[in-house]
Amino acid sequence: MINFIKQLLDWIYRKKCYICGKDAFSEPICINCLEEIEINQYNYHKKIHSFEIYSAGIYTANMRKIIKGLKYHRKKDLAKPIASIMHSYWKNLNISSEDFEIVPMPLYLKREKERGYNQTCLIADEFSKLTGYTVNNKIAKRVKNTEPQYKLSKRERIENLKDAFKIVKTEYTGKKLLLLDDISTTGTTLDELKKTFENEGISVYYALVAANPVSESSFH
Ligand SMILES: [Zn+2]
């Protein structure tokens, strides 16, 4: 009977896979499309001094589709498979056994209002359900409407991010922080956020992103 009800509910709430259009039952993408996404080697993507940035996958094919879907096409439920891919990768790292507080990359408020949500916060909420880590989306603010980094040269990137973030120190719980973002190419943005934390006396050693482009020119 329970099985019958479950099947009935699956049928009522069934969804088409965002990628291939086939039946995905109650998930936003089907199991085949999810399994096609390659997970990176269990090593860091970038290391900037003692700051380690981990990336779950490569920003191509299905991975690119779901990240873009979440970010630009209001497909909020895609945060769930993205977080699940990140978790498949993350759980194989030694550091995953530690307890963290997740800090999603903040968006400039005006941009967040235009989009209606911060996609990284949605990923952070789903990632939190899988790991048990708490989410702190109040501690970091973006106070400057920066240009998208991929358009800029290395020097312009640094200038663009200058004074971009602000830390609300009263929101610090003392927990070890894990910065989270959807994509990272050079790691400059995450590194700038990490440095802003350091200026407030808060050390950050780790970041996790959903994907990294193969090269900077393959971003779009
Ligand atoms: Zn599919």
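In this predicted model, Ile183 has Ala211 of strand S8 as its bridge partner.

S7 and S8 sit within an open sheet of 6 strands, ordered S1-S2-S8-S7-S3-S4. Pairing in this sheet is mixed. Its edges are strand S1 (46-48) and strand S4 (134-135), each of which pairs on one side only. Strands of a sheet pair through backbone hydrogen bonds, either parallel or antiparallel.

Helix H8 (residues 188-199) lies across part of this sheet, covering S1, strand S2 (51-58), S7 and S8. Relative to S7, H8 runs at about 155 degrees.

H8 also packs against helix H7 (residues 154-161), the two axes coming within 10 Å and crossing at roughly 40 degrees. The crossing of H7 past H8 is right-handed. On the H7 side the contact is made by Arg157, Ile158 and Leu161, and on the H8 side by Thr188, Thr189 and Glu192. By class, these residues are 2 nonpolar, 2 polar and 2 charged.

The largest nonpolar core holds 51 residues. Those touching the most other members are Ile82, Met86, Leu178, Leu179, Leu180 and Ala210. At least two core residues come from each of the strands S2, S3 (101-104), S7 and S8, and likewise from each of the helices H3 (61-72), H4 (79-90), H6 (119-131) and H8. H4 gives the largest share, 7 residues.

Conventions:
Residues are numbered from 1 along each chain as its sequence is written. This is a predicted model: local features need pLDDT of at least 70, side-chain atom pairs count only at pLDDT 80 or more; totals for chains, interfaces and linings use all residues. Two strands pair if DSSP finds at least two bridges between them. Helices (H or I, at least four residues) and strands (E, at least two) are DSSP runs, numbered from the N terminus. Two residues are in contact if their C-beta atoms, placed from the backbone, lie within 7 Å. Axes are lines fitted to C-alpha atoms, for helices over the stretch in contact, and angles run from 0 to 180 degrees between N-to-C directions. A crossing is left-handed if the near helix is turned anticlockwise from the far one by less than a right angle, and right-handed if clockwise. Ala, Val, Leu, Ile, Met, Phe, Trp, Tyr, Cys and Pro count as nonpolar, Asp, Glu, Lys and Arg as charged, and the others, Gly among them, as polar. A nonpolar core is a set of buried Ala, Val, Leu, Ile, Met, Phe, Trp, Tyr and Cys residues joined through C-beta atoms within 7 Å. A residue is buried if 20 or more other C-beta atoms lie within 10 Å of its own, exposed if 12 or fewer, and partly exposed in between; C-beta atoms are placed from the backbone.
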